[in-house]
Amino acid sequence: GRWNGVILGVMMLLPLVGAVIVPLIGQKKNAAGQTLLRLFTLAELAFAIALFIRVWQGEEIAMELPGILALGLTFRADVFRALYAALACFMWAMACQFSLEYFSGHGSHQARYGLFTLLTECGVAGVFLSDDLYTTFVFFEIMSIASYPWVAHEESKGAMRAAATYLGVSVACGMVTLMGMFMTWRETGSLSFSALREAEGNGNLILPACLMLVGYCAKAGMVPLHIWLPKAHPVAPAPASALLSGMLTKTGLFGVIAIGMNLMGESRLFGHVMLALGLVTM
């Protein structure tokens, strides 16, 4: 219908608009900035719920931005992806409802916190609603870099060391994932999920799939790439720590599911390895 893609576009744009407005207002009046932050996250939640209702009713919702970053960006909402996006927006809205009370006793850098909270929300929503590995990677990296100031928020020595570990793991493992994407593109000529499903069973894609999994497993906190978790969570502001553990790790699991279901679904060995790693991580 005429709403096809509009809700997706608004969901990608709304946090970016808020990321401009909230710091401008919040620099002068912290309470006003926190109020705007809550309003923007509630509005994002409302659109996420509307998106989920539409796809639940059977409407196909997709959006393509050709030429953006050379390869273009593609988004699609099915029930699974719309549900995860709605859960993410719900968690953001709830965390921001409590952030005003939290920052009443931790009053530093509230405008900066609002800016990067909204940018991180945009990255998470983009990951869950992406329709190809390129779009997933772009928003995954936006999310990873935008969430770095959460960990470094207090600017203490401990916070800066934890933030350096968090950023180092994110960047290093992200580059490994990018190399796997290069190899997959060379083999298939596409990074769309539909094309990957058609290439399932191609033995030449085993190594690229394993490389792509590195970045997502690191964000999911899977052993042995979990070293950032115990350092980052204690130093981040409490609302941000809740989102780090409650939702950012789930974007890593989304990447594992996307690669596992589309490329490695026929591999019993892959399933056994992921099961073993999951048990060790538990």
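Residues are numbered from 1 along each chain as its sequence is written, and side-chain values use heavy atoms, with hydrogens and water left out. As the model is predicted, local features need pLDDT of at least 70 and side-chain atom pairs count only at pLDDT 80 or more, while totals for chains, interfaces and linings use all residues.

**Overall build**

The chain holds twelve helices and two strands. Helices (H or I, at least four residues) and strands (E, at least two) are DSSP runs, numbered from the N terminus. Read from the N terminus, the order of elements is α-α-β-β-α-α-α-α-α-α-α-α-α-α.

Along the principal axes, the C-alpha atoms fill a box of roughly 55 × 50 × 35 Å. The radius of gyration of the chain is 19 Å, which agrees with the value near 19 Å for a compact globule of 282 residues. That radius is taken over C-alpha atoms, and the globule rule is 2.2 Å times the number of residues to the power 0.38.

Of the 282 residues, 50% are buried. Buried means under 20% relative accessible area, exposed means over 50%, and partly exposed lies in between (1.4 Å probe, protein chains only). The chain exposes about 12700 Å², and carbon and sulfur atoms supply 68% of this area. Accessible areas come from the Shrake-Rupley method with a 1.4 Å probe; for residues, only the protein chains shown count as cover. Among contacts (heavy atoms within 4.5 Å) between residues at least 6 apart in sequence, 78% join residues at least 24 apart.

**Cavity and pockets**

Spaces are found on a 1 Å grid over the protein atoms alone: a cavity is a set of points where a 1.4 Å probe fits but cannot get out, and a pocket is an open set with protein on both sides within 12 Å along at least five of seven lines. Lining residues have an atom within 4 Å of a point. Grid points are joined across faces, edges and corners, and a volume is the space filled by probe spheres set on the points. For the classes in the table, Ala, Val, Leu, Ile, Met, Phe, Trp, Tyr, Cys and Pro count as nonpolar, Asp, Glu, Lys and Arg as charged, and the others, Gly among them, as polar.

| Space | Volume | Lining by class |
|---|---|---|
| Largest cavity | about 60 Å³ | six nonpolar, three polar, one charged residues |
| Largest pocket | about 360 Å³ | 17 nonpolar, four polar, one charged residues |
| Second largest pocket | about 260 Å³ | six nonpolar, three polar, five charged residues |

The count comes to one cavity of 30 Å³ or more. Its lining consists of Phe140, Tyr166, Val169, Ser170, Cys173, Gly174, Gly215, Ala218, Lys219 and Trp228. Helices α7 (157–188) and α9 (206–219) each supply at least two of the lining residues of the largest cavity, and α7 gives the largest share, five residues.

The largest pocket is lined by 22 residues, with Ile206, Cys210, Leu213, Met264 and Phe270 nearest its centre. The elements giving two or more residues to this lining are α9 and α12 (268–281).

The second largest pocket has about 260 Å³ of space. Of its 14 lining residues, Asp78, Arg81, Phe193, Arg197 and Asn262 are the closest to its centre. Two or more residues each come from α3 (79–103), α8 (193–198) and α11 (238–262), and the largest share, five residues, is from α11.

**Single residues**

Thr135 lies in helix α5 (residues 133–146) and is buried, with a relative accessible area of 0%. Leaving aside neighbours within four places in sequence, Thr135 is in contact with Gly72, Leu73, Thr74, Phe75 and Ser130.

Arg54 belongs to helix α2 (residues 30–56) and counts as partly exposed at 24% relative accessibility. The C-alpha atoms of Arg54 and Ile7 are separated by 9.9 Å, although these residues are 47 apart along the chain.

Most residues other than glycine have a negative phi, and most peptide bonds are trans. Leu69 has a positive phi near 55°, and Ala70 has a positive phi of about 75°. Leu69 sits in the loop between β1 (61–65) and β2 (73–77), and Ala70 is found in the loop between β1 and β2. Leu69 is partly exposed, with a relative accessible area of 48%, whereas Ala70 counts as exposed at 69%. A cis peptide bond joins Val223 and Pro224, with omega about 5°; Pro224 lies in the loop between α9 and α10 (229–235).
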